[in-house]
Amino acid sequence: GICLLDNMQGWSAAQNRLNIEYKEIKREDSKRSRKAKAKKAKNDDSIVLMPSREGNLFDWKAFVKGPPDSPYEGGVFELRLQVPQQYPLKPPRVHFKTKVCHPNVLFKTGEICLDILKDAWTPVWTLETTCRAIVTLLGTPEASSPLNCDAGNLIRSGDIRGFNSLARMYTLEYAMQEMPKA
């Protein structure tokens with residue numbers, strides 16, 4: 001009985017935290033939308049984050065824009081975030097749904113090698129800041145311990161032009177879509 005109660009309390013804490021994050025995301029989306037209308041401009045935020053299904057805050061999808069001045073610029077990449085019941089004490093499982101050529105992303109599965117998704121996670125991180133860290137990773141690939149050895153080897157051998165061309169080709173092939181509305 002005690003374990004079940006502890007699990008329920010953990011679930012409740014995760015649910016409460018996710019509710020807070022969801023309300024904050026909705027509030028920020030609304031604010032950005034009003035500002036965009038006031039400027040008669042489109043909302044061009046770099047992240048759109050939403051639950052995958054209504055009523056389930058443990059399964060999210062995000063759309064992130066590729067960072068400027070990178071081979072991913074102009075691309076929109078879909079992520080899936082699966083939130084454990086121990087959140088925010090444990091990180092979400094995040095992977096790319098959109099194919100991406102990057103040394104820290106396994107091409108076949110979209111698995112991401114990023115320290116905050118593993119041992120450097122702290123409860124200070126939110127789903128949104130996690131997505132921002134992934135956008136930063138896109139712009140600053142770390143080739144020393146690659147999941148995608150081909151991309152990592154290009155960078156390690158100094159063939160930045162070759163890496164950028166390959167990453168750009170895959171961005172043009174798989175990530176050229178409109179940013180969805182929040």
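Visitor: Why is the crossing of α3 and α4 called left-handed?
Guide: The label left-handed needs the near helix to be turned anticlockwise from the far one by less than a right angle, and right-handed is the clockwise case. The crossing of α3 and α4 is left-handed. This is a predicted model, where local features need pLDDT of at least 70, side-chain atom pairs count only at pLDDT 80 or more, and totals for chains, interfaces and linings use all residues. Residues are numbered from 1 along each chain as its sequence is written, and side-chain values use heavy atoms, with hydrogens and water left out.

Visitor: At what angle do the axes of helix α3 and helix α4 cross?
Guide: At roughly 150°, and the axes come within 7 Å. Axes are lines fitted to C-alpha atoms, for helices over the stretch in contact, and angles run from 0 to 180 degrees between N-to-C directions. Helix α3 covers residues 149-156 and helix α4 covers residues 160-174.

Visitor: Which residues make the contact of α3 and α4?
Guide: From α3 come A151, L154 and I155; from α4 come I160, G162, F163 and L166. Contact means heavy atoms within 4.5 Å. Six of the contact residues are nonpolar, one is polar and none is charged. Here Ala, Val, Leu, Ile, Met, Phe, Trp, Tyr, Cys and Pro count as nonpolar, Asp, Glu, Lys and Arg as charged, and the others, Gly among them, as polar.

Visitor: What makes G152 buried?
Guide: Its relative accessible area is 0%. Buried means under 20%, exposed over 50%, and partly exposed in between, with a 1.4 Å probe and protein chains only. So G152 counts as buried. G152 sits in helix α3. Beyond its neighbours within four places in sequence, G152 contacts P103, A143 and P146.

Visitor: Why is A133 called buried?
Guide: Its relative accessibility is 15%, so A133 falls under the cut-off for buried. A133 belongs to helix α2. Not counting residues up to four places away, A133 touches L114, I116 and W125.

Visitor: What makes D69 exposed?
Guide: D69 has 77% relative accessibility, so the exposed label applies. D69 lies in the loop between β2 and β3. Its phi is near 55°, a positive value in a residue other than glycine. Most residues other than glycine have a negative phi, and most peptide bonds are trans.

Visitor: Which residues does the cis peptide bond join?
Guide: Y87 and P88, with omega about 10°. P88 is in the loop between β3 and β4.

Visitor: How many residues are in the largest nonpolar core?
Guide: It has 39 residues. A nonpolar core is a set of buried Ala, Val, Leu, Ile, Met, Phe, Trp, Tyr and Cys residues joined through side-chain atoms within 4.5 Å. L49, W60, L79, L81, F96 and I112 have the most contacts inside this core. The largest share, seven residues, comes from α2. Apart from this core lies another, of five residues, among them V48, M50, F63 and M179.

Visitor: What does L81 contact?
Guide: Leaving aside neighbours within four places in sequence, its contacts include L49, F58, W60, V94, L127 and C131.

Visitor: How many helices and strands does the protein have?
Guide: Four helices and four strands. Helices (H or I, at least four residues) and strands (E, at least two) are DSSP runs, numbered from the N terminus. Their order from the N terminus is α-β-β-β-β-α-α-α.
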